[in-house]
Each structure stands twice: as structure tokens, then as C-alpha cells.
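Visitor: I would like a close look at a single part of this structure. Could you walk me through one spot, step by step?

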Amino acid sequence: MKRFIFLIALSIISIASANNVNIAINPITPVKNEAFQVTFTIQSSSEERPEITFDPSHAEILGSVNSGVVISTTIVNGRLSTRREISRTYEMATDKSGPLVLRNIRIRMGGQTIPHSDVTINVLGDREIAKNLFLDAEVSNTNPYIGEGLDVNYYVYYRVQDEIYSYEIEKFP
């Protein structure tokens, strides 16, 4: 009887650990009134499509798309195992700055519900300004005709904060 209970507990643990959920935010620190993506990546051995539900707080969901499916099959010691990695991306926007919390994240798949902890996203009020960055643009023709093609070359310069030391060379080799 103890073996039977042990085997049941072991199978439940293996089923529960068969599904992993990863959540990625792009960009990591979004700006208010600009769209950002929240990507859910679910790893599972189930062939069912996951159903993702969550409370976006004060953010608006602009759309969602299945961004990819990866299927890997391995044979180890004569046992065949198949893993699927499913990605779903939600495009979101918010008109408030500060912390945005995605709550009640639940993934239903294969007859089970996988809860995920809340995800906090820091939404910036204004875009961060790059320091020590300079952009230069050169146009091939400053007086073009209508319909004439132009070449524009952009040059990005970045200032490094290292100090330059002057070394005196006593003898040239």
C-alpha cells in the first residue's frame, strides 16, 4: 500500500513539474502610452493548446498572437519523450506610469491549471534619454529634385567615460 501511494505521489509530482511557464516583457521598462509586449512561454508535454488568463490591472490589451511553437522529440534508453514550447505574445499599453501588476495569472492546459505569481512591470513616465550619445546624418544631395533618390548615412557616436592619459615616449623603437 505504501508503494502504491508513493507511486501515485511521484506521478502527480512529475505531472505538476511537466509544465514550466516563463513570462518576458519587451521592452523591460515600457513607457506610458506606448505599446509593449508580454510573452508567455509554456513548456509542456501535453498536445493541448494553453488557455492563458490574467488581470492586466489598468493596462489595455491591444492584441495577442501565437508567436511560436517548438516541438522536440528525444529517445533516451528506448523511451520516446516529446516536449512542446508554446509562446503567446500580448501587446499592451497603459496611460499611467509607475508599477503595473499582472495578477491572477493562470494557464489551463492538459486538464490542469498552473498558477503563476504576480508580475510587476515598472512603467516609465517619459522615455529615458541616452547620455553621451550623438547622432549625425549626412545626405548625399542637399538639393534634390522631386522623385530623385537620396542616400542618407546615419552615424552614432558614443562617448566613453574613460580618461585618456598622455604617456611620454622617450625613445621610438
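Guide: Happy to! Contact here means heavy atoms within 4.5 Å. Leaving aside neighbours within four places in sequence, Thr 41 is in contact with Asn 20, Val 21, Asn 22, Glu 85, Ile 86 and Ser 87. Please keep in mind that this is a predicted model, where local features need pLDDT of at least 70, side-chain atom pairs count only at pLDDT 80 or more, and totals for chains, interfaces and linings use all residues. Residues are numbered from 1 along each chain as its sequence is written, and side-chain values use heavy atoms, with hydrogens and water left out.

Thr 41 lies in strand β2, residues 36–44 (strands are DSSP runs of E, at least two residues, numbered from the N terminus). With a relative accessible area of 17%, Thr 41 is buried (buried means under 20%, exposed over 50%, partly exposed in between, with a 1.4 Å probe and protein chains only).

Now to the aromatic rings. The whole structure holds four aromatic pairs (rings of Phe, Tyr and Trp, the last by its six-membered ring, pair if their centres lie within 6.5 Å; planes under 30 degrees apart are stacked, over 60 edge-to-face, the rest tilted). One of them is the tilted pair of Phe 40 and Phe 54, 5.4 Å centre to centre with 35° between the planes. This pair links Phe 40 in strand β2 with Phe 54 in strand β3 (residues 51–55), 14 residues apart. Phe 40 is buried at 0% relative accessibility, and Phe 54 is buried at 14%. The rings of Phe 54 and Tyr 90 have centres 5.2 Å apart and planes at 85°, so this pair is edge-to-face. Together, Phe 40, Phe 54 and Tyr 90 form one aromatic cluster.

Key:
Helices (H or I, at least four residues) and strands (E, at least two) are DSSP runs, numbered from the N terminus.
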